[in-house]
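Subject: Structure handover

Hello,

Here is the structure I promised to pass on. Please open it first, then read the notes below.

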Amino acid sequence: MLLIKNGYMIDPKSGWDGNYDILIEKDTIVKIGKRLEAPSRKCRVIDAEGLLAAPGLVDVHAHFREPGFTEKEDIATGAAAAARGGYTSVVLMANTKPPVDNRETLEYVRKQGAETGIHVYTCANVTKGMQGKELTSMGELAEAGAVGFTDDGMPIMDGELVRSAMRNAAALDLPISFHEEDPALIENNGINRGRASEYFGIGGSPREAEITMVERDLKIALETGASINIQHVSARETVELIRRAKEKGKNIHAEATPHHFTLTEEAAVRYGTLAKMNPPLREEADRLEIIRGLVDGTIDLIATDHAPHTAEEKARSITQAPSGIIGLETALALGITELVDGGYLTMRQLLVLMSTNPANLYHLNAGYLAEGGPADLILIDTTADWIPTEYASKAANTPFTGRSLKGKVVTTICGGKVCME
């Protein structure tokens, strides 16, 4: 048994907000109350004085790279990075090698995930081989344990194929997520067409590459009723398109990454490949509109898009280096630093975006604290100042190394077990 005492608890879903103790037995919260006592000497007591007790975070967009790219990350190291960042549930993307377009690979990922200290879920691919030509056996993959579908990393250009995929996903009552970038409009991905592309002397990626794809897929989603997630929103026009669509349909969802609500293309100029990602960092007006979307509920998820790469890969030229940054270990602190301390959100609202809503989208029994509920929770020192310098991830490709941040996870508990402290 485990007893968390003297912490201040916030849980948006259950409504708890105040000083409460939490008693855990096995993998379940059995009692929430004031001045609880340990029922036996075998019960471990954690003093959470001065700390915030919150639901374990839920990330619905991460790359653990296994199978196929374990020099970048593997499921074990990805899970360790997640636990350090306060994530107790992570939904993996399916662009592995081989991709998760078949039962065997899906079962492999799930088996490896079950051996970590957190809950690891995975999406399956929308199309076979991520080629955008033929749908996977979505029903079979759902039956085998896929919690959603995506070809993240690759846009699906065939609109009729997207329509069929959305109909299938709707019938299965599972979300389908979209990477929205039209490659026909992009000369060099990962860098915004504007000041950053001019600085590097390249064509870059224009905002229209995202806008046109989002416009198409929102229209199809409203026609089919599918629960869709527009991934890693980067452009202010995209936010407005989603805002209008959400007025017409309840199944429209969108995510923002910490890097898109914190940084602009100036970071690409300053940090080079460490700030190269798809879609790229754009202008200050885009960053502010993304924050506005988080505030008014247009964007209802914060997801990391944790994308590890080796130092050797990121040392290549701006056009040859891969896109993406790691994010699991800094996401919560960036949310506190930029959004809470910045006066845009309360801590409760941030937790809705990082735990409650992501869990609800994927129908996970996670993202809340309640008697009889899962013992997945974190203890946060919301006032701690710290500087990220090293990581549990295999990778260190991030422009946030060396940056002063506010708020640090002190303890992560998943399934009733302390998996990080």
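In which loop is aspartate 305 found? Aspartate 305 is in the loop between strand E13 (301-302) and helix H11 (311-314). Please keep in mind that this is a predicted model.

**Backbone points**

Start with that aspartate. Phi of aspartate 305 is near 50°, a positive value in a residue that is not glycine. Its relative accessible area is 9%. The cut-off for buried is under 20%, so aspartate 305 counts as buried.

Aspartate 173 also has a positive phi, of about 55°, although it is not a glycine. Look for aspartate 173 in the loop between helix H4 (159-172) and strand E10 (176-178).

Next come the cis peptide bonds. One runs from lysine 97 to proline 98, with omega near 5°. Proline 98 has its place in the loop between E7 and helix H2 (103-114). Another cis bond runs from asparagine 278 to proline 279, with omega near -10°. Proline 279 lies in the loop between helix H9 (265-271) and H10.

**Helices**

H10 turns up again in a helix pair. Helix H7 (residues 236-246) packs with helix H10 (residues 284-296) at an angle of about 25°, and their axes are 8 Å apart. Angles under 35 degrees count as roughly parallel, and H7 and H10 are therefore roughly parallel to each other. On the H7 side, the contact is made by Arg236, Glu237, Val239 and Arg243. H10 contributes Ala285, Asp286, Glu289, Ile290, Arg292, Gly293 and Asp296. By type, the residues of this contact are seven charged, three nonpolar and one polar.

Helix H12 (residues 331-340) is largely enclosed by the rest of the structure, because eight of its 10 residues are buried. The buried residues of H12 are Ala331, Leu332, Ala333, Leu334, Gly335, Ile336, Glu338 and Leu339.

**Rings and charges**

How many aromatic pairs does the structure hold? There are two aromatic pairs. Tryptophan 16 and tyrosine 20 form an edge-to-face pair, 4.9 Å centre to centre, with 75° between the planes. Tryptophan 16 is partly exposed, at a relative accessible area of 23%. Tyrosine 199 and phenylalanine 200 also pair edge-to-face, at 4.9 Å centre to centre and 85° between the planes. Phenylalanine 200 is partly exposed, with a relative accessible area of 23%.

Is serine 89 buried or exposed? Serine 89 is buried, with a relative accessible area of 0%. Its place is in strand E7 (residues 87-92). Beyond its neighbours within four places in sequence, serine 89 is in contact with Leu57, Val58, Asp59, His119, Tyr121 and Ala366.

Isoleucine 202 lies in the loop between helix H5 (195-200) and helix H6 (208-224). Isoleucine 202 is buried, with a relative accessible area of 17%. Not counting residues up to four places away in sequence, isoleucine 202 touches Asn188, Ile191, Ser197, Ile318 and Thr319. The C-alpha atoms of isoleucine 202 and alanine 321 are separated by 14 Å, and these residues are 119 residues apart along the chain.

Best wishes

How values were computed. Residues numbered from 1 in each chain as written. Predicted model: local features only at pLDDT ≥ 70, side-chain atom pairs only at ≥ 80, totals over all residues. Heavy atoms only, no water. Axes fitted to C-alpha atoms, helices over the stretch in contact; angles between N-to-C directions. Helix = DSSP H or I, 4+ residues; strand = E, 2+ residues; numbered from the N terminus. Parallel < 35°, antiparallel > 145°, perpendicular 65-115°, else oblique. Contact = heavy atoms within 4.5 Å. Nonpolar A, V, L, I, M, F, W, Y, C, P; charged D, E, K, R; others polar. Phe/Tyr/Trp six-rings, centres within 6.5 Å; stacked < 30°, edge-to-face > 60°. Buried < 20%, exposed > 50% of the residue type's maximum accessible area, 1.4 Å probe, protein only.
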